[in-house]
Amino acid sequence: MAPRVVVIGAGPAGVRAAQACVEAGLRPTVIDEGRRDGGQIYRRQPEGFSRSYDTLYGTEAERAASLHTGFDALKRSIDYLPETLVWNISANAVHTVSGTRYGTLPFDALIVCSGATDRLMPVKGWHQAGTYSLGGAQVALKSQGCAIGSRIVMMGSGPLLYLVSAQYVKAGAQIAAVLDTSTFMQRIAALPRLLAIPAALKKGIALTRVLSKAGVPVYRGVQPIEIKGSPQTGVSGVEVALAGGKRIEFACDAVALGYHLRPETQLADLAGCRFIFDDAAQQWLAQIDSDGRSSVKGVYLAGDGARVRGADAAERSGRLAALAALQDHGVQAAGIGDMQRLRDELARFSRFAAGLREAFPWPAQFAAALPDETIVCRCEAITAGELRRVVRETGAQEANRAKAFSRVGMGRCQGRYCGHAGAEVIAAAACVPLASVGRLRGQAPVKPLPVALTEEAAQ
Amino acid sequence: MNQRFVRLAETGRKTFPITVDGVVREAAEGDTLMVALLTNGTTLRDSEFGDGRRAGFCLMGACQDCWVWTAQGERVRACSTPAAPGMSIVTSLAEAGEGVWPRV
């Protein structure tokens, strides 16, 4: 009997995974939270919107079009469940909810392509209305044709900082400043690795040119001090220390903030996958082999949800993970001959990704310097001082124990936006290495569910 | 300032009325509820923890910072819910009268 394949996510990795299964004669189920396919990076605008692919996706227009048409062509050969959340995974079954209807879907092979969200370091005042993640700022523009404000500061580090800034400039938004915490020297040091994908490096340099041509001030090596504003009306400015130490404030009514990306790992966690601490990324990642096999038989991980390597790599890792699943289940697929080429290409993307981490490092050192009154957990307005008090008074030095006492990580985002920084605050307060703080355990449901649910008729 | 988001493109869409805190406002076809609310005002909701007004954060259904209430008392996530004609939305905790989260 043909194996039942379930793919979670319809971004670049999920679409290419589903395609590989269909090519091999299978009918996979594709479950996606979005209303339309494309994931975040190739997010499709609502029906009836008229901007061209060039306007929406710039240099990536062809890739986006190829992914969208590729998925459209698959629709008759797959079972597609849009606007559906996988909220839990038990032994060989995923549990879904769509609207108020829940369902259970058994699988032989599960390919998790859960994508990534922005990696955040708090700054004093970031809970105020008008602070958004860089990814969120991009969604506003791409999917809704809106800027997040009338005068915007882009702050943080990573490729998204420059991509979103350039997209905003092209769309006619006013950028007050781009404030990068990484330094020019870090970028030079990263060059040898960034040269692993020369085309991507070239695109990155082109983005900085868009900004300089538009006269947008770009500062590197900054330290964020405070997002100013008021509880009722929100953001009014951003104060930073420039590389030389001079303090400067930029007036604005919105801030986009982010430090590269973090994989969405909750589903891999609920599936029981083993996690390892990645020293280079300074984060916990699910263990995978070169093809995307996790430590759990039948569970495969691909795309930025497994390793943040970008959309082009996600297409390849999605296809590779699906081919591995087909191979493991004894399905004859012509594509299996592609596996070595895909592995080789992914190795180059891994090298490039390492270069990006070097060029735009996670600013771990800022966590220890956060003033006590800085809110770390936006969900429940819990401060760095409270988290430090818990470490000091209860001796909690492990992420889940400190969470139990402080509630940092227990709010509705389930630690997505405070988890990394919270662990850094704990490590600094307890004077222990970050790895020993551990990671917040994934909890089902991975997102809030409606209270009134109806069971889906058996399929 | 009476709006947070600024429309830069797709401005020729048909519009329809929705009600926000009892006042009739205009939304455009294809708007998420979040965009309809933040092109008509600067914030979305009260933080339940006493630190002021919030206006969402991630726009991709991950942070849960954009939940608002319908006049019927149902909670909806504004970034992933399309605005629809006739919707009536409440953005203030006192008006929503919901007591499930602790108040400071």
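Good morning. In chain A, strand E2 (residues 29-31) is joined to strand E3 by three bridges, and the two run parallel. Strands here are DSSP runs of type E with at least two residues, helices are runs of type H or I with at least four, and both are numbered from the N terminus. Two strands count as paired if DSSP finds at least two bridges between them. Within this pair, Val30(A) stands opposite Tyr80(A) of E3(A).

Before I continue, a word on the source. This is a predicted model, in which local features need pLDDT of at least 70 and side-chain atom pairs count only at pLDDT 80 or more, while totals for chains, interfaces and linings use all residues. Residues are numbered from 1 along each chain as its sequence is written, and chains are lettered from A and ligands numbered from 1 in the order in which they are written.

Let me turn to the whole sheet. Strands of a sheet pair through backbone hydrogen bonds, either parallel or antiparallel. In chain A, five strands form an open sheet in the order E3-E2-E1-E7-E21, with parallel pairing. Strand E3 (79-81) and strand E21 (299-301) of chain A are the edges, each pairing on one side only. On average, neighbouring strands of this sheet are turned by 15° against each other, direction ignored. Such angles run from 0 to 180 degrees between N-to-C directions, and the axes are lines fitted to C-alpha atoms, for helices over the stretch in contact. Helix H1 (residues 12-23) of chain A packs on the sheet and touches strand E1 (5-8), E2 and strand E7 (109-112) of chain A. The direction of H1 makes about 165° with that of E1(A). Contact between two residues means that their C-beta atoms, placed from the backbone, lie within 7 Å.

Strand E4 (residues 85-90) and strand E5 (residues 93-98) of chain A are joined by five bridges, and Asn88(A) stands opposite His95(A) in E5(A). The hairpin has two residues between the strands, and in it Asn92(A) takes a positive phi near 60°.

Next, a helix pair. Helix H9 (residues 311-328) and helix H10 (residues 339-359) of chain A have axes that come within 10 Å and cross at roughly 145°. Residues of H9(A) in this contact include Leu320(A) and Leu323(A), and those of H10(A) include Leu346(A) and Phe349(A). The contact divides into seven nonpolar, one polar and five charged residues. In this scheme Ala, Val, Leu, Ile, Met, Phe, Trp, Tyr, Cys and Pro count as nonpolar, Asp, Glu, Lys and Arg as charged, and the others, Gly among them, as polar.

Is Val238(A) buried or exposed? Val238(A) is buried, because 31 other C-beta atoms lie within 10 Å. The cut-offs are 20 or more such atoms within 10 Å for buried, 12 or fewer for exposed, and partly exposed in between, with C-beta atoms placed from the backbone. Val238(A) lies in strand E15 (residues 234-241) of chain A. Beyond its neighbours within four places in sequence, its contacts include Val153(A), Ile227(A) and Phe250(A).

Finally, the interface. In all, 32 residues of chain B are in contact with 43 residues of chain A. On the chain B side, strand E1 (6-7) and strand E5 (53-54) are the elements that give two or more residues. That side divides into 14 nonpolar, nine polar and nine charged residues. Two bridges join strand E10 (residues 146-147) of chain A to E1(B), and these strands run antiparallel. There, Ala147(A) has Val6(B) as its bridge partner. Thank you.
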